[in-house]
Amino acid sequence: MAIRSPASLLLFAFLMLALTGRLQARGSSCIGVYWGQNTDEGSLADACATGNYEYVNIATLFKFGMGQTPEINLAGHCDPRNNGCARLSREIQSCQERGVTVMLSIGGGGSYGLSSTEDAKDVASYLWHSFLGGSAARYSRPLGNAVLDGIDFNIAGGSTEHYDELAAFLKAYNEQEAGTKKVYLSAAPQCPFPDYWLGNALRTDLFDFVWVQFFNNPSCHFSQNAINLANAFNNWVMSIPAQKLFLGLPAAPEAAPSGGYIPPHELISQVLPILKDSDKYAGIMLWNRYHDRLSGYSSQVKSHVCPARGFSNILSMPVKSSK
């Protein structure tokens, strides 16, 4: 039935806005978190069961490339050397059944790098067949048979080259293998632009999510004033093609020794209202599950994090004539 007056259009807009809010509260938190670097953070399944996270990055594959045998380190949760991490397959599937996107984070503090195009191709093959939709017999599956949703590039050392090629090879696998689910790519650059390690890769249109780390980098910290942070975030918005940008934050002061922690009430009152003006703002990413479990940060902010959706589009609908 046509909406025939400005008054009824406005009423319809407010009803749709309320409905959107309820749907977001039920099915989406717009919060991501890193899990896997502290045994006291609890299980992966428990993290997903909180309902606080829409994305979980399993950290981390800390060794790859340059002729090295790839190696995953989950900080005591399990031992991949005796296939002990394969039991996580059921927990990954449990998270996915709850609608949580589960990705493998590569990089962090470790020994890694890509020495050539061929090296990038080899690493892509390893990732595809060991964690994603591939099934080549010569690769083991360290996390069991569960098919992860994507790969997160958390590169903070080693070489700076060929990550654009690694991303392209992963996307090509996804396109070539009919019937496999979409593979997401994300990245976690430092907030000063451009990122030293991922600058070239992030200029491509291959990344679905980018969670920019606004901590341990004083030049773009909040520091009781949102202007520096907002300017830095806007620089990312204007400079890379990725359509979903997340504000990467520490979940507690202890999670970021060099600063960047924003108390929940200040995030809600001073930062989020500014960032939500950007069409590319998509939520926040927290480092990490251990600190968030202790601080309850995600529980305090999750009802405020998601970008407003639908309202401006509804108000822009043409008013139909009553004739």
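Modeller: Contact here means heavy atoms within 4.5 Å. The model is predicted, so local features need pLDDT of at least 70 and side-chain atom pairs count only at pLDDT 80 or more, while totals for chains, interfaces and linings use all residues. Residues are numbered from 1 along each chain as its sequence is written, and side-chain values use heavy atoms, with hydrogens and water left out.

Biologist: Which residues does Gly260 touch, not counting those up to four places away in sequence?

Modeller: Gly260 touches Phe214, Phe215, His221, Leu249 and Pro250. Between Gly260 and Asn216 there are 6.1 Å in space, C-alpha to C-alpha, although they are 44 residues apart in sequence.

Biologist: Where does Gly260 lie, and is Gly260 buried or exposed?

Modeller: Helices (H or I, at least four residues) and strands (E, at least two) are DSSP runs, numbered from the N terminus. Gly260 lies in the loop between strand 8 (244–250) and helix 8. Buried means under 20% relative accessible area, exposed over 50%, and partly exposed in between, with a 1.4 Å probe and protein chains only. Gly260 has a relative accessible area of 11% and is therefore buried. Ser278 is placed in the loop between helix 8 and strand 9. Ser278 counts as buried too, at 17% relative accessibility. Leaving out residues up to four places away in sequence, Ser278 touches Phe233 and Val237.

Biologist: How should I read the packing of two helices?

Modeller: Two packed helices are described by the angle between their axes and the distance between the axes. Axes are lines fitted to C-alpha atoms, for helices over the stretch in contact, and angles run from 0 to 180 degrees between N-to-C directions. For helix 7 (residues 226–239) and helix 8, the axes come within 10 Å and cross at roughly 25 degrees. That makes helix 7 roughly parallel to helix 8; angles under 35 degrees count as roughly parallel, over 145 as roughly antiparallel, 65 to 115 as roughly perpendicular and the rest as oblique.

Biologist: Which residues of helix 7 and helix 8 meet?

Modeller: Ala226, Leu229, Ala230 and Phe233 in helix 7 meet Gln270, Val271, Ile274 and Leu275 in helix 8. By class, this contact of helix 7 with helix 8 has 7 nonpolar residues, 1 polar and no charged. Ala, Val, Leu, Ile, Met, Phe, Trp, Tyr, Cys and Pro count as nonpolar, Asp, Glu, Lys and Arg as charged, and the others, Gly among them, as polar.

Biologist: At what angle do helix 8 and helix 10 cross?

Modeller: The axes of helix 8 (residues 264–275) and helix 10 (residues 297–305) cross at roughly 20 degrees and come within 9 Å. Helix 8 and helix 10 are therefore roughly parallel to each other. Pro264, Leu267, Ile268 and Leu272 of helix 8 make the contact with Tyr297, Gln300, Val301, His304 and Val305 of helix 10. The contact of helix 8 with helix 10 divides into 7 nonpolar, 2 polar and no charged residues.

Biologist: How do I read a strand?

Modeller: In a regular strand the side chains alternate between the two faces of the sheet. In strand 5, Gly150, Asp152 and Asn154 point one way and Ile151 and Phe153 the other way, and all are buried. With 5 of its 5 residues buried, strand 5 is largely enclosed by the rest of the structure.

Biologist: Which strands pair with strand 5?

Modeller: Two strands pair if DSSP finds at least two bridges between them. Strand 4 (residues 101–112) pairs with strand 5 in the parallel sense over 5 bridges, and Ile106 has Phe153 as its bridge partner in strand 5. Strand 5 (residues 150–154) and strand 6 (residues 184–187) also run parallel, joined by 4 bridges. Here Asp152 stands opposite Ser186 in strand 6. Strand 6 is joined in turn to strand 7 (residues 209–213) by 2 bridges, running parallel, with Ser186 opposite Phe209 in strand 7.
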